[in-house]
Amino acid sequence: TTLAANLALVMHYVFGKRAAVVDLDLQNGGLNPILHLDPEQTIASLIEFTSRLDSLKLEAALTKHPSGIYLLAAPRRLEDAERISDVTVGVVLDLMRQLFDFVVVDCGNHVDENAIAAWERCDELLYVVDQSLVAAHGAGRFRELFGRLGLRLDEPRFILNKFDPHNVVTEEAIVR
């Protein structure tokens, strides 16, 4: 979540590009507090427009951050998370790719149809791994799934988060 927010900010500040971040971690909704925003509208506002979504409806659901990036927030209510379908995610992301130079998506830490809909549309996929054998094992399982899905993107990129050179679990062990 922190990485997603910071990537969107970098794309805007450093490269001067129109950037948006989408919170598909639908049950946690961590981008709101990270960005210090309290959005009135969320992705749940777009469910009824899936078959006829246009840029005006999408823009109404976005929250502009003071930095200039835009947030499409996770639903306010936990029970609304289940109403978001992969079809809605696909339509929203397809339109967002037309409106923004960069769209950064936080898929959270579990695999579901919504995450796969995002992966199908991505140009880069970053998988964050912490410095543990459990995380490395999970990353291996993810790589196998990603290969079986046959997505247009060849390989995800793995990012080692919070690296500690003194940790007994070395980078080499994680790579293996």
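**View 1. Aromatic pairs and one aromatic cluster.** Seven aromatic pairs are found in this structure; a pair here means rings of Phe, Tyr and Trp (its six-membered ring) with centres within 6.5 Å. Have a look at W119, Y127, F142, F146 and F158, which together form one aromatic cluster. The model is predicted, so local features need pLDDT of at least 70, side-chain atom pairs count only at pLDDT 80 or more, and totals for chains, interfaces and linings use all residues. Residues are numbered from 1 along each chain as its sequence is written, and side-chain values use heavy atoms, with hydrogens and water left out.

View 2. V10, Y13, V14 and F15 make a nonpolar surface patch of about 440 Å² (patch residues have over 30% relative accessible area and no salt bridge, and nonpolar side chains are joined within 5 Å; a salt bridge is a side-chain nitrogen of Lys or Arg within 4 Å of a carboxyl oxygen of Asp or Glu; areas come from the Shrake-Rupley method with a 1.4 Å probe). V14 lies in the loop between helix 1 and strand 1, and F15 is found in the loop between helix 1 (2-13) and strand 1 (19-23) (helices are DSSP runs of H or I with at least four residues, strands runs of E with at least two). V14 counts as exposed because its relative accessible area is 58%, exposed being over 50%.

View 3. Four strands in the order 2-3-1-4 form an open sheet with mixed pairing (strands pair if DSSP finds at least two bridges between them). Its edge strands, each pairing on one side only, are strand 2 (63-64) and strand 4 (102-106). Strand 2 runs antiparallel to strand 3 (residues 70-72), joined by two bridges, and T63 stands opposite L71 in strand 3.

Methods: Phe/Tyr/Trp six-rings, centres within 6.5 Å; stacked < 30°, edge-to-face > 60°. Patch = residues over 30% accessible without salt bridge, like charges linked within 9 Å, V, L, I, M, F, W, Y side chains within 5 Å. Buried < 20%, exposed > 50% of the residue type's maximum accessible area, 1.4 Å probe, protein only.
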